[in-house]
Amino acid sequence: MSLTDSQAEMPGFIYQRVMPGRLGPGYYLHLKLKQVANIKLKRMVNVCNPLPVLCVFFSFMIAGPVSAQMTDTANLRSYQPHFLVGVDDAGDKSTGERSVPYDLIAPMKELGVQFLVHHYSPQTTLQEQDLFMEQMGTLFEKNKMSFLLNTEIANNAVEFIDADGWSWFRGPGKTHRFNFKPAVLSKANQFTSFEGIMYDEPAHMQLNRNWIHVNGRKVDLPFMAETNGKSFEEADRLIYKNARQLADGVKRLHTRYIAMEHVFPVLFHNFARAGMTPVYKQLKESWAPVWAACAMGAAIEYHTELWTCLDLWFAGYPGHSPLYPGHSPQALKDNLIYSYWVGNDRAYVENLNYQGSLYRTVTDNGSEKIILNEYGKTLRWFTHDYLLHNRRDYTFRDMKPEIAIIRFDDTDFGITGKNGFPDQLFGSKTLLSTPETRSWMKIWHLVSHGVIPTPENGISWLSYPLGTPYKSFAPMNGVVEFDQMVTREHLQTVKLIFLAGLKISTNTLGDVADLVEKKGITVVTSPALAPDLIKMRYEGGTRIIPSGNAGGKWIVTDDVLDPAVEGEIRPLLGKDDEMRYVFGNEEVIFKIDKEDRLTLVRNKR
């Protein structure tokens, strides 16, 4: 292997620590090293030609140690171009004051993060709005960082009309969501440091018709679309149509990203198809591999980026709900490691400084000093140490799924009628949860070796009894979820497919049937979703129906939790103490211990 490929495997070898983003004599020696480093090496002690080693030595001496260089967060971007780390500033005083968060730059540098998700609260006049964008863009460009504007404020407020008469919280028709003033968004887009808009928990807002309370009473306002009276398919199409119009309008003004942060594991595919970047929650009330499987499938199928938000909030327990911070520094550490090796493009931590989330500021001899707490130290360790010593040469795009769930997303994930959440799928008071919409949760119980509870309890801590002890991880073997329109190009490595939900498109079902016959895959399905020829051979209960000459089979069942189903597919489910993924030629295994902690194992294939 070449020097640049092998340096991560060489203890004490410091080539990888010389940051190409820093100019000076060390930078030019770094370039020289790249020119001469096309030789084969086994270990430093076996090097015959001393020139690369001498270049590395002098480059390190001139450029300085890693920890000093990492105060320039732009360096990490050049070093790990496939993975960016950021923070979310929900709860910061700048949101309430509608001011530029100047005082967040120093702690961001100390933490080693590269971008900020800023919770934006619009100013009153166009002049003030224009000045804010000018100051934000200049501040972040000067510091070689970037920012996105989070729109959560509209989720909890009825209205804001500025001095120009622009309604910031009113969408087209009777919808209620953040509505960017075009002139202000155009101003933001003049700066390379501005990367786009983050809609905060849009699936939650669609299902629950926003989360606005006035005088103790819930105000119902549809978020993306008014779905009352629609069928499941009509509701899905209308939400997609409106989401596409929103995305197209924002991108017409040259906005790079319109991202959607999901606390619920639904509508990923709908929004990704509309051109939006899926952002899934880790920690919070999520099973990390479930949320990742749903978001990753959407990103793969619709060719978007994949981001994750590590949210320190939690539902809590009776008398302390919600709870902040609701997760331990160790849980944050394990989730950061998971977020990296599962192939995300970005990860960011929520929150930066709410109730001293990651740091506090003290005055020492007349100057301010940043003191990191255990959460902040964990994030700094990840950016300053872990990422520098653990190179990742793939992204989620290189994923080779072993198991695929193909499903029409009806938005049911088990919270209906629990902990104050109404039964209104797609946000419609006329679309209710049924055994058919709940059936896919049985699949998560099965593929997790029973760790994720059965459908009666849902698949989120928002649906479990308050106080249920939290876990991030559950064993799975390369699981992704696609929607009902996925094509065969995304199913080439799959060995096991589950069909779920209310419908599967004709083209997708045809592709699946062809893969069963020609590639010998196994499909588990309800009778309603099976192809007609297979359905004709079904006689009730659980039936194994062979197809083709490659060993393929259909497992048609009226209960996916029938022990006969598990008996047939057990060899495909992987081990009951690990999450396993394959990216390109690399196998990535996360061993899960009894304390929900991870041990990483990487194997070249």
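Which residue stands opposite L116 in β3? It is F147. Let me show you where that pair sits.

First, the ground rules. This is a predicted model, so local features need pLDDT of at least 70, side-chain atom pairs count only at pLDDT 80 or more, and totals for chains, interfaces and linings use all residues. Residues are numbered from 1 along each chain as its sequence is written, and side-chain values use heavy atoms, with hydrogens and water left out.

A word on labels. Helices (H or I, at least four residues) and strands (E, at least two) are DSSP runs, numbered from the N terminus. Two strands pair if DSSP finds at least two bridges between them.

Back to β3. This strand covers residues 146-150. Five of its five residues are buried, meaning under 20% relative accessible area with a 1.4 Å probe, protein chains only. In a regular strand the side chains alternate between the two faces of the sheet. In β3, both faces are covered. S146, L148 and N150 lie on one side. F147 and L149 lie on the other.

Now its partners. Strand β2, residues 115-119, pairs with β3 in the parallel sense over five bridges. Strand β4, residues 194-200, also runs parallel to β3, over four bridges. There, F147 stands opposite F194.

β2, helix α8 (residues 126-142) and β3 make a right-handed β-α-β unit. Right-handed means this: with the strands pointing away from the viewer, the path from the first strand over the helix to the second runs clockwise. β3, helix α9 (residues 182-188) and β4 make a right-handed unit too.

Next, β8, residues 277-283. Seven of its seven residues are buried. Strand β7 (residues 257-262) pairs with β8 in the parallel sense, over four bridges. T277 in β8 is the bridge partner of A259.

Last stop: an open sheet of four strands. The order is β14-β20-β21-β22, and the pairing is mixed. β14 (476-477) and β22 (598-604) stand at the edges with a single partner strand each, so one side of each has no neighbour in the sheet. Strand β21, residues 586-592, pairs with β22 in the antiparallel sense over seven bridges. E586 stands opposite K604 in β22.

Key. Buried < 20%, exposed > 50% of the residue type's maximum accessible area, 1.4 Å probe, protein only.
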